[in-house]
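Please open the structure in your viewer and keep the selection tool at hand. This tour goes from one selection to the next and says what is found at each.

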Amino acid sequence: MAELFDGRLLYGAALYPEVWDKNIVASDAALMAKLGMNVARMGEFIWSALEPDEGRIDLSILHDALNILDDHGIATILCTPTVTPPIWLTHGHQGRLHHTADGTALGHGSRQHVCTNGAYFRERAAIITGALAREFGQDRRVISWQLDNEFKSHVGGCHCPSCRDLWGQWLEAKYQDIAQLNEQWSTAVWSETYQSFDQIPLPAPTPFLHNTALMTAFNDFSQVKINEFAAEQSRIIRAHSELPITHNSGFGFDLDNQGLYSNLDYSSFDTYPAAPNYPAFLMNLDYFPHFGASGKTILMETSTSHGGSIANYGSPHPAGFVEAEIFANFAAGSKGFLFWPFRQHCGGSEQPHGAVVSPWGAPTIGFSSAARGGELLAQLETILTGGETLPPRVAITYSDRAKTALSVEPGGKLDYRGVLSGIHRRFVEAGIGRALIPEGASLDAYDVLLTPYAHHLDPEFLERVSDWVRAGGTWLVGPGTADRDAHHRWHSDAALGALESIAGVRGVLAFPATGSGTSAEFLGWQGGLDGMSTFMECTTARPLGMVRSGPAAGLAFVTENQGTPETGDGRVILVGSLPDGFEDPLLVDLLIGYATTPSKTWPARTEARELGAGGGVVEYLRRKKGRLQRWLVNMSDTTAELELPFPTTELLSNTNMNAGKYRLEPYTYIIAEERNA
Amino acid sequence: MAELFDGRLLYGAALYPEVWDKNIVASDAALMAKLGMNVARMGEFIWSALEPDEGRIDLSILHDALNILDDHGIATILCTPTVTPPIWLTHGHQGRLHHTADGTALGHGSRQHVCTNGAYFRERAAIITGALAREFGQDRRVISWQLDNEFKSHVGGCHCPSCRDLWGQWLEAKYQDIAQLNEQWSTAVWSETYQSFDQIPLPAPTPFLHNTALMTAFNDFSQVKINEFAAEQSRIIRAHSELPITHNSGFGFDLDNQGLYSNLDYSSFDTYPAAPNYPAFLMNLDYFPHFGASGKTILMETSTSHGGSIANYGSPHPAGFVEAEIFANFAAGSKGFLFWPFRQHCGGSEQPHGAVVSPWGAPTIGFSSAARGGELLAQLETILTGGETLPPRVAITYSDRAKTALSVEPGGKLDYRGVLSGIHRRFVEAGIGRALIPEGASLDAYDVLLTPYAHHLDPEFLERVSDWVRAGGTWLVGPGTADRDAHHRWHSDAALGALESIAGVRGVLAFPATGSGTSAEFLGWQGGLDGMSTFMECTTARPLGMVRSGPAAGLAFVTENQGTPETGDGRVILVGSLPDGFEDPLLVDLLIGYATTPSKTWPARTEARELGAGGGVVEYLRRKKGRLQRWLVNMSDTTAELELPFPTTELLSNTNMNAGKYRLEPYTYIIAEERNA
Amino acid sequence: MAELFDGRLLYGAALYPEVWDKNIVASDAALMAKLGMNVARMGEFIWSALEPDEGRIDLSILHDALNILDDHGIATILCTPTVTPPIWLTHGHQGRLHHTADGTALGHGSRQHVCTNGAYFRERAAIITGALAREFGQDRRVISWQLDNEFKSHVGGCHCPSCRDLWGQWLEAKYQDIAQLNEQWSTAVWSETYQSFDQIPLPAPTPFLHNTALMTAFNDFSQVKINEFAAEQSRIIRAHSELPITHNSGFGFDLDNQGLYSNLDYSSFDTYPAAPNYPAFLMNLDYFPHFGASGKTILMETSTSHGGSIANYGSPHPAGFVEAEIFANFAAGSKGFLFWPFRQHCGGSEQPHGAVVSPWGAPTIGFSSAARGGELLAQLETILTGGETLPPRVAITYSDRAKTALSVEPGGKLDYRGVLSGIHRRFVEAGIGRALIPEGASLDAYDVLLTPYAHHLDPEFLERVSDWVRAGGTWLVGPGTADRDAHHRWHSDAALGALESIAGVRGVLAFPATGSGTSAEFLGWQGGLDGMSTFMECTTARPLGMVRSGPAAGLAFVTENQGTPETGDGRVILVGSLPDGFEDPLLVDLLIGYATTPSKTWPARTEARELGAGGGVVEYLRRKKGRLQRWLVNMSDTTAELELPFPTTELLSNTNMNAGKYRLEPYTYIIAEERNA
């Protein structure tokens with residue numbers, strides 16, 4: 001594949017030619033060009049306009065819009081419209097609808113109401129996507145494809161009659177023998193034993209709790225099936241087009257991103273955080289580049305000012321925040337930034353959602369940000385060209401499989417996205433660069449890997465991490481990690497299964513520590529421990545944190561293993577328990593500091609480090625022509641201080657900055673390129 | 001029509017001859033007479049006693065009860081019993097039941113469980129009501145009809161299969177052409193486009209939000225249909241009877257009162273507020289006289305002491321509160337006051353509800369209030385006779401259509417009844433008289449009209465208000481008003497559509513201001529603004545309140561237009577935003593004060609004004625033989641002060657009161673008639 | 001029947017030979033023996049392992065496990081496995097599933113998913129239980145039967161089509177004549193009148209509240225039906241076995257325990273309270289001995305450390321708490337103590353639940369408690385042999401019928417188990433012994449009976465209590481008691497019906513007092529009263545507590561009747577109202593103190609009294625060879641003080657303790673046997 005978008009950086013917004021008159025599309029296109037935009041996204045909800053009656057397909061509305069946009073030098077990301085099937089696909093066909101666990105069929109009138117596993121839906125989706133691919137697959141006005149829209153943002157696994165059958169077939173293909181399934185699912189508990197695959201129920205309502213293996217498998221099934229649909233659609237497009245294909249994902253959706261993007265060319269994401277929650281915006285930039293064939297990502301949707309719908313109004317961003325987002329987006333290596341939508345909707349149900357222009361065509365409160373964004377991007381493009389992003393020293397495993405495990409066993413409160421966001425936020429606030437990576441991502445670039453709250457470690461993953469440790473990596477593993485097998489069962493041989501060997505420990509006690517009076521010490525910190533915990537005796541490891549009271553008194557809760565054949569040049573720091581997740585700042589800072597500070601014994605393998613300015617200063621490191629660039633932006637609402645260790649040139653203003661202390665106002669940014677003193 | 005009830009004031013309670021033995025009815029009737037009561041209400045739940053088997057109708061139980069009551073000089077309001085169909089109407093006929101949005105059929109065993117749009121229900125309802133009308137339509141023991149009971153107090157729109165069809169037919173009749181509907185509903189958004197009317201779903205569960213035009217239309221449909229039933233029943237009665245017909249409505253029900261009472265002779269209401277929430281009691285008196293052919297209302301149901309059921313116990317009223325309610329009721333012009341029920345129920349599910357006598361026939365805690373009420377009414381009747389109620393200077397639009405709009409778009413928190421109650425309460429607490437009027441009510445009597453939180457202004461309403469403004473009225477319009485069309489869409493031409501012209505503004509920005517840092521000034525007040533807001537530039541208006549910070553800095557949030565051809569002798573004060581609804585007391589007082597204080601430029605068109613005593617003192621102005629009467633009652637639990645500007649005669653005690661300051665104890669009342677000094 | 005378990009005390013845990021390999025069962029059995037355990041419970045979830053295909057029954061897995069256990073000297077309580085029917089019983093048979101009120105069928109994958117009233121379920125249950133009874137009914141390795149598991153712990157009354165029919169039939173059998181039902185249910189209210197029994201609906205969703213008589217009857221129906229199933233299963237077993245039969249009940253389940261155990265030989269219970277809620281543990285010991293033919297109970301399930309599931313983690317008990325539970329259990333006269341489970345489950349959904357050994361076979365945090373428990377029991381057994389438990393002076397009525405009434409009429413907040421637990425806790429904290437007894441239990445042993453929150457008093461119960469009063473008992477009755485009939489209706493003759501005569505009062509006013517400004521005095525206490533209340537005039541009684549303000553001012557809220565023919569040698573203290581349930585500590589202490597303190601007029605009929613040490617000290621009185629033993633255990637987490645009035649011998653340490661003050665550390669215990677000074 002050639003370089004994504006021929007190396008262009010994208011700036012634009014979503015357009016709806018199916019909703020607005022052609023003259024409005026034309027005036028919007030003209031305004032987009034004036035604002036410095038070069039891309040539009042179209043078509044993700046357009047199906048009924050293209051195929052108003054079953055089988056009568058007319059693509060002229062798209063041709064017209066593409067022409068208008070092309071006239072203004074604006075390229076298009078064209079979407080398949082499969083997220084909103086026309087009324088003829090479901091009217092009178094209850095069985096084609098998405099069914100919730102309690103058997104409710106979700107009907108026409110919104111989106112994602114169809115069962116995406118249904119044979120007839122797949123057939124019609126193939127036809128409309130095929131038509132689009134044939135028509136526009138080699139159209140120079142189009143630069144990319146987007147599949148569907150935000151898979152599984154509104155629905156989880158489907159419980160329709162058709163899925164009921166597919167589920168049994170899928171299980172049969174996976175387990176072959178029902179005895180195997182019974183054994184691996186522990187169905188002997190509560191006489192759940194199945195005689196045949198077709199008997200296995202969906203996780204519909206029961207008087208008490210479902211089997212955890214069944215729930216885990218059903219999550220897998222649902223994720224595999226939507227990825228199967230994505231792959232199927234991709235194949236249809238690729239038969240006619242060499243354009244790159246993506247899908248707009250997001251943290252809130254019920255997806256296996258790794259499987260999804262394994263068939264796609266680049267990733268993209270939708271994100272609508274409020275300004276005070278800016279680390280949630282950065283999470284996307286730290287996570288999504290690790291998917292897709294090209295390893296590139298773009299921001300596909302965000303608001304110029306505020307999100308929301310009739311059900312909930314979002315708060316407008318403070319002035320300057322959107323520009324700070326644009327700066328961070330490109331600093332981090334993202335290849336595009338698109339607003340949703342360009343023109344605020346008159347009707348539907350997202351009328352209150354912010355846009356670039358109002359329904360009556362006037363500038364909204366987000367307009368000026370969009371304009372300044374265009375100017376900024378023009379400036380950045382030159383600086384970015386020929387440069388490269390430097391990876392951070394630290395990576396954090398963000399695993400959709402682990403997310404499933406925590407949804408199956410929340411233990412009353414744990415939520416994977418929530419606890420991982422908390423961990424990520426601590427790095428952001430400390431000014432430390434970090435990657436969020438799926439289990440399958442390469443570890444080569446990193447010095448340190450964190451793997452918290454992953455109940456089950458896949459053997460392949462464990463082996464790959466072990467290799468990386470032996471090559472010198474530091475693995476901070478736990479808490480809540482490695483205590484279950486692939487079917488969400490405890491191991492039957494050891495508390496932490498295969499992890500114990502490389503960690504150099506023996507898991508002795510495993511229990512929920514909350515309320516147990518368990519207090520502990522670690523590097524001077526003292527406090528209580530909470531949550532599902534494992535406490536250890538050391539075999540080859542040395543204890544770093546010890547339990548002082550409670551049922552586990554005398555056992556270790558943090559250990560470090562190094563200098564053994566299993567750890568080679570690296571080390572494994574195992575955390576068996578923490579105070580209420582990662583919520584104790586002192587302990588977490590100690591842990592992070594301990595794991596990430598190079599020393600004689602564990603020299604850092606990467607060279608460049610962030611300033612660690614903190615106080616809302618977000619930093620991305622880039623290199624161009626051998627020179628280190630510090631892209632610095634204050635994402636917080638208070639003025640921050642930072643100290644430049646070397647003299648630099650600020651590239652946006654092209655002025656010299658001596659080494660020394662500087663103040664960075666809220667939502668402002670600089671690019672400090674090191675120069676010889 | 002003759003004067004309602006031949007000019008009598010009604011005082012009484014609800015009786016259940018279908019529940020109690022004849023001798024108990026007789027002893028209750030005797031006690032009613034002793035308590036000064038002259039009316040009973042009967043029959044709203046009696047159907048199964050009249051028609052125990054389908055088609056076998058026997059009305060003797062009513063004859064017997066009417067005779068007993070008549071023997072004690074007690075007249076009867078006779079109800080049609082359609083709210084509780086007998087078991088034979090629904091048993092084995094699931095399709096005749098009311099169905100909720102999730103498809104649940106609500107069954108026999110309570111009330112309102114039948115779909116009131118069903119053909120067979122309508123047929124049986126016509127038969128039983130016809131039988132009653134023929135039998136009692138000209139019976140001198142009966143003085144009025146009540147239709148059914150509290151329409152839609154327990155259920156919203158029905159989702160039964162029959163309603164599914166009626167909905168499509170109703171839409172077809174309204175829109176004629178499906179293209180028209182698609183256009184006006186913006187169904188192009190999310191490919192919701194319909195090919196035919198029969199495809200349009202009820203607002204049943206979907207994965208995400210429904211189209212707002214569809215939700216708005218379904219609310220209309222449900223309200224139109226219940227009013228159609230009421231009209232149908234009225235016609236049946238009128239074929240045999242000239243007695244006035246009413247229905248007992250209430251603020252909590254899902255109704256279009258204007259449409260409902262357009263076929264009825266007078267309004268009536270049920271109300272059960274706790275004493276500290278006494279403004280909610282007054283809301284009824286300020287609102288319900290604006291409906292029905294006669295422009296009269298009666299209180300049809302309230303408790304002697306406390307409401308409640310097995311699910312929730314109400315708190316008993318403090319001593320004297322019920323008497324204060326009776327005083328306020330007649331002071332405001334209501335023609336009747338009835339308790340529910342006379343005798344506390346033994347069984348059913350409202351056993352804990354207060355009454356006049358206990359299930360075992362003894363006086364309850366409410367008995368003495370009922371007795372004093374009878375004495376009070378005897379006294380008041382003489383004073384009231386020949387007098388008239390004076391309308392207040394201020395009217396507030398209370399629109400069932402606007403209520404629908406806010407239920408469709410709550411934006412996370414807004415509730416129409418709640419915010420309007422808040423506005424109403426500020427007038428009550430300031431001691432300012434006020435009317436709550438539907439959109440269709442005449443404005444002639446008022447100086448000032450408030451129209452807050454009405455997303456859509458009907459063109460006819462806007463034109464009528466404009467006429468009234470030109471004739472000298474002051475219109476305080478907004479916030480949250482006029483920003484949508486009849487299909488809940490933004491206007492496509494201007495932020496506030498046709499309102500902008502008469503308001504003399506151009507709406508520039510519209511966004512939810514909460515959290516946006518929007519601060520503003522108005523007549524010395526300074527503070528933050530919240531909620532869905534519109535900010536304006538003035539064309540002919542002058543800015544009264546200005547935004548100082550946030551995205552709308554420099555725009556106006558309150559403007560005043562006058563002296564233009566559009567405003568004539570009046571003025572339009574437009575409020576684009578407020579701090580969190582009407583919750584900022586200072587600003588609201590400023591606004592109310594500004595709008596309601598006469599000045600050289602805007603002289604008051606009405607003469608008499610309330611004392612504005614505040615502190616719980618509620619005042620109604622009446623006039624008799626040219627003399628102004630101030631009916632004053634302290635509805636609060638603390639002693640209030642008031643100052644009489646002129647010497648008066650207190651009519652209850654027939655004593656003179658000089659001009660000067662007086663104290664009014666909790667729940668006490670006086671009638672101060674002005675006299676020559 | 002011979003003495004239960006031949007007089008042995010049981011100590012053990014639940015085993016799952018259907019889940020674990022035989023060698024694991026063997027090693028667990030060996031460990032059990034080492035820990036001093038003598039009993040295993042097996043089989044309550046084993047059905048699919050015994051009958052994997054319909055009709056193919058193979059019991060060898062049980063034989064094998066029984067052999068292994070027998071080899072280690074461990075006897076077995078064998079359970080019928082009817083709580084978890086195999087997949088073949090329900091797959092493809094939706095109609096056999098338990099249906100909730102909203103019509104949801106609860107499916108396979110958990111437990112209690114079958115309708116236990118279904119004919120085919122009953123047939124298959126009879127077959128499997130018959131097979132077990134035939135095979136093991138006279139097996140010396142088995143010592144008892146347990147029916148099913150925790151009836152109705154997860155489900156309430158079933159709404160399946162079959163139950164719909166059974167309900168009508170049951171009502172017909174009970175009421176014979178539909179007119180009778182209509183009359184007694186007050187169906188004339190709201191036209192609910194039924195023409196035939198088959199029309200009467202289950203209490204499925206309605207727009208508003210159901211008839212309280214219908215709800216009460218449906219609760220009765222459900223409880224009668226599950227007891228019918230238990231009786232049916234018992235008969236099947238007894239045809240082949242003379243072993244005692246029990247069922248493991250619990251406070252949280254929707255059961256009529258009196259009816260249930262009327263067919264069983266002894267009671268047993270499951271209990272998982274957290275340590276700070278130790279009175280909830282004691283409630284079981286105070287309650288369950290009053291059921292079953294033998295009047296004996298055993299603790300069938302509790303945790304070694306913490307309960308919980310994937311949905312909620314419990315907190316581990318503090319060290320020593322489980323031993324304190326074991327001590328209290330046997331002190332109170334319970335005949336057994338079993339942990340659940342012995343080995344923590346690998347899979348299923350209760351993986352986080354504590355056990356004796358971990359899934360990988362290592363000691364858990366509960367292991368040491370289990371070991372110390374074995375040692376303790378060995379010591380206790382000698383002391384217990386030949387001794388007897390002394391009943392306390394005070395009994396509290398705990399009525400499943402009263403529980404139903406409060407669930408039918410919660411009035412917004414009341415929960416029977418909650419308020420009764422609150423009352424029970426006050427006795428525990430005051431160190432006063434108490435029995436919780438069902439309505440049918442003998443009163444002979446007690447001086448004082450409390451009967452709070454029993455809306456309806458059965459005539460038979462009232463007569464029996466009256467006899468006991470006349471024989472010298474003190475009855476503290478109320479609040480919330482005797483104000484309704486068997487159909488949850490107010491009495492039509494008197495506020496408190498037949499109670500008024502023996503209480504010597506006339507109920508004057510009945511209303512919910514919360515918020516009514518009702519303040520009162522009682523023995524120096526002054527305060528407000530709340531909740532549904534009855535206020536009285538005295539006929540023969542004397543007023544003890546008087547209302548000073550509010551609607552009931554001048555009436556009594558506590559009265560005492562004695563010295564009349566109705567009260568004989570006893571007295572009736574009637575409480576008509578209390579401050580917010582039993583939540584005012586001062587008033588409650590006064591009441592308890594007044595009722596339980598012997599005086600000249602009311603001498604105590606029982607001799608021995610507890611020390612009343614309070615502060616967490618729980619005391620059970622026992623007698624052996626004429627000597628009084630005080631079994632004292634500190635269940636709280638703080639050190640307690642107690643004073644021994646006589647010199648004693650501490651039997652566990654065999655040391656003498658002089659009269660005087662002693663400190664008792666948390667979770668420690670002594671057995672102080674009085675000796676001659």
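Predicted model: local features only at pLDDT ≥ 70, side-chain atom pairs only at ≥ 80, totals over all residues.

The stops below run from whole chains down to single residues.

**Where chain A meets chain B.** Next, show chains A and B together. Their contact draws 52 residues from chain A and 47 residues from chain B. On the side of chain A that touches chain B, select helix H2 (47-50), helix H4 (87-90), strand E11 (308-309) and strand E12 (312-313), the elements that give two or more residues each. H2(A) gives the most to this side, with three residues. Colour this side of chain A by residue class and you will find 22 nonpolar, 27 polar and three charged residues.

**Where chain C meets chain B.** Now hide chain A and bring back chain C. Here 47 residues of chain C and 51 residues of chain B make up the contact. On the side of chain C that touches chain B, the elements with two or more residues are helix H8 (212-238) and strand E19 (505-512) of chain C. Which of them gives the most to this side? That is E19(C), with four residues. By class, the side of chain C that touches chain B has 24 nonpolar, 18 polar and five charged residues.

**The domains of chain A.** Return to chain A and colour it by domain. Domain 1 is written in two segments, 9-157 and 225-386. The assignment also gives domain 2 (161-217), domain 3 (394-596) and domain 4 (617-674). Select domains 2 and 3 of chain A: their centres, taken over C-alpha atoms, are 31 Å apart. Seven residues from domain 2 of chain A and seven residues from domain 3 of chain A take part in their contact. Helix H7 (178-185) and helix H8 (212-238) of chain A each supply at least two residues on the domain 2 side. Of that side, H8(A) gives the most, with four residues. The domain 2 side divides into three nonpolar, four polar and no charged residues.

**A helix pair in chain B.** Move to chain B and select residues 321-331, helix H11, and residues 367-384, helix H12. These two helices pack at an angle of about 25°, and their axes are 9 Å apart. H11(B) and H12(B) are therefore roughly parallel to each other, and their crossing is right-handed. To see the contact, show B:Val322, B:Glu323, B:Ile326, B:Phe327 and B:Phe330 from H11(B), which meet residues of H12(B) including B:Arg372, B:Leu376 and B:Leu380. The contact of H11(B) with H12(B) has eight nonpolar, two polar and two charged residues.

**Backbone details.** Finish with some single residues. Most peptide bonds are trans, and most residues other than glycine have a negative phi.

- In chain C, zoom to C:Trp340 and C:Pro341, which are joined by a cis peptide bond with omega about -20°. C:Pro341 lies in the loop between strand E13 (336-339) and helix H12 (367-384) of chain C.
- Go on to C:Gly478 and C:Pro479, joined by a cis peptide bond with omega about -5°. The loop between strand E18 (474-477) and helix H16 (499-503) of chain C holds C:Pro479.
- Last, in chain A, select A:Asp148, which is not a glycine but has a positive phi of about 50°. A:Asp148 is in the loop between strand E6 (142-146) and helix H6 (161-175) of chain A.

How values were computed. Residues numbered from 1 in each chain as written. Chains lettered and ligands numbered in written order. Contact = placed C-beta atoms within 7 Å. Nonpolar A, V, L, I, M, F, W, Y, C, P; charged D, E, K, R; others polar. Axes fitted to C-alpha atoms, helices over the stretch in contact; angles between N-to-C directions. Parallel < 35°, antiparallel > 145°, perpendicular 65-115°, else oblique. Left-handed = near helix turned anticlockwise from the far one by under 90°. Domains from an automatic or database assignment.
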